[in-house]
Amino acid sequence: EAPGTEQELTDGFHLVIDALKLNGINTIYNVPGIPITDLGRMAQAAGIRVISFRHEQNAGYAAGIAGFLTKKPGVCLTVSAPGFLNGLTALAHATTNCYPMILISGSSEREIVDLQQGDYEEMDQLAIAKPLCKAAYRVLHAQDIGIGLARAIRAAVSGRPGGVYLDLPAKLFGQVMNADAGQRSLVKVIDAAPAQIPAPASVKRALDVLRSAKRPLIILGKGAAYAQADEEIRRFVEKSGVPFLPMSMAKGLLPDTHPQCAGAARSTVLKESDVVMLIGARLNWLLSHGKGKTWGEAPKKFIQVDIEPREMDSNVEIVAPVVGDIGSCVSAFVQAMGSGWSAPPADWTKAVQSKREENVAKMAPKLMNNKSPMDYHGALGVLKNVIKERPDAILVNEGANTLDLARGVIDMYKPRKRLDVGTWGVMGIGMGQAIAAALETGNPVLAVEGDSAFGFSGMEVETICRYNLPICVVIFNNDGIYRGTDVNNTNSDPATTVFVKGARYDKMMEAFGGVGVNATSPDELKRAVNEAMDSGKPTLINAVIDPAAGSESGRIGNLNPQSVLKKK
Ligand SMILES: Cc1ncc(Cc2csc(CCOP(=O)(O)OP(=O)(O)O)c2C)c(N)n1
Ligand SMILES: [Mg+2]
């Protein structure tokens, strides 16, 4: 530039913000602190929504589910060392669940960390993050920020989505450089998640196997929900005429009341099907690894549709692997099926339908149970109707009995409206996911929480009030983990799984200006939930559940190790 003129400068702070905005990232979920407090303030001033939480784990769960809902990476921003570690659980959870998420943490200076000289919150964060996420990068120079953010975004959303760690040492933010050069160093990511078209031969092979089936079943996983190929999936399922089983976060891709939905006949269709087509679903513990008594004795053929080729044969032989993005795969199926596809044998589809009707009829009277204190089914009967009347509401759900029973009782009608604990069955996702769901969709949120599960993220009710979010938290308060009746006969301490009897969680919400309600009957619960959903005010309903109503570990008690030694 001409001598004497002040060159226009930019710095690390501004380049990070410009790179995020350039790539359409408009929300950051964070907990402020050294060295990222000013980054948050400046991002807010630049028009990015910066949501400050009370614990980084909740900010991370919010970022992960934001990624699931938007197909853009959810961004969690934390301080170094302890803040980074608090975000790691959510980063690993996002990777396990294939949610696109970027954990950005401030960090200590390399020269001090590498000589272990005891910097403020010193930790080799990049090394620690690497094994727990899909990709991990560190940026040391301001001119590399554009490439660093681009690599993190592409790694998070391309192929099988997952969690990415981006390490930004404190000194990077203050680094200055020429503003024009800085702008030129930024990268707008082109086609971050390219379509991956399945090979025509794999499509033909899969359809040949499906056509040969006498008792076919389609299993829709949360990968199918994530794909946002809702119309193509509906078209394929209906054209095939095959019964479908939605995994919990795939519920609503087609309504649970759809005539082909086999959700209420799950054990029958797993046992008796002869060909199973997995679409964005993995044969992990949630599907008993595709073998054992859950799947019956008869031999089965598995077709698998997944964007990750290494998922094939993970647990059992896949006779027809179809590798590609789910939208492209189901479109190719519909194309190849042409007009001559014949529905599966009527004796199978009718058997599935009658089993489902039988199970629904068996459940119905339990849901009318009006007793007080409530049992799970009496309370769930109310919430089932709320979602039926409000199909756009988003249901967040965690607990053991509270999760397992709600999953089967509350029908979903639209895609990506049920957000729960995912592959790990992790407790603590509740308030973070509720906050992100409300912010990313603008829809009202109903969070159905076990009282223990709620406790992992309960402090965020203050965050919910601070941003005045339309979230109605219903706590199924049975005074404990699984139930509230365990007794410790050895000393004066309470049993390890019980909580304060008759706790009033609703007072917590009132403490921050929200609406608190104590509901002891289904009628009171119904009135309170509908009032909350109509008002859009932050509300917490303490639903009093009979402490004896639950069972240990809900429906997965069989996973508990047993001691063969006589009880001491
Ligand atoms: C991070 C983490 N720590 C512990 C656990 C283990 C667990 C699974 S379910 C659960 C809570 C069950 O009690 P809740 O009151 O929520 O529900 P209900 O059955 O209706 O009484 C725990 C502690 C998990 N999964 N994740
Ligand atoms: Mg409980």
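1. P373 is placed in the loop that runs between helix 15 (346-367) and helix 16, and the peptide bond leading from S372 to P373 is cis, with omega near 0 degrees. Helices (H or I, at least four residues) and strands (E, at least two) are here DSSP runs, numbered from the N terminus.

2. This is a predicted model, in which local features need pLDDT of at least 70 and side-chain atom pairs count only at pLDDT 80 or more, while totals for chains, interfaces and linings use all residues. Residues are numbered from 1 along each chain as its sequence is written, chains are lettered from A and ligands numbered from 1 in the order in which they are written, and side-chain values use heavy atoms, with hydrogens and water left out.

3. Another cis peptide bond joins I34 and P35, with omega about 5 degrees; P35 belongs to the loop between strand 2 (27-30) and helix 2 (37-45).

4. R416, in the loop between helix 17 and strand 15 (418-419), has a phi near 60 degrees, which is a positive value in a residue other than glycine. With a relative accessibility of 13%, R416 counts as buried (buried means under 20% relative accessible area, exposed over 50%, and partly exposed in between, with a 1.4 Å probe and protein chains only).

5. N468 is likewise not a glycine and has a positive phi of about 50 degrees, in the loop between helix 20 (461-466) and strand 17 (471-477). N468 is exposed, its relative accessible area being 52%.

6. Helix 16 (residues 376-389) packs with helix 17 (residues 401-409) at an angle of about 50 degrees, their axes lying 10 Å apart; axes are lines fitted to C-alpha atoms, for helices over the stretch in contact, and angles run from 0 to 180 degrees between N-to-C directions. The contact (heavy atoms within 4.5 Å) is made by Y376, H377, L380 and K384 of helix 16 together with N401, T402, L405, A406 and V409 of helix 17.
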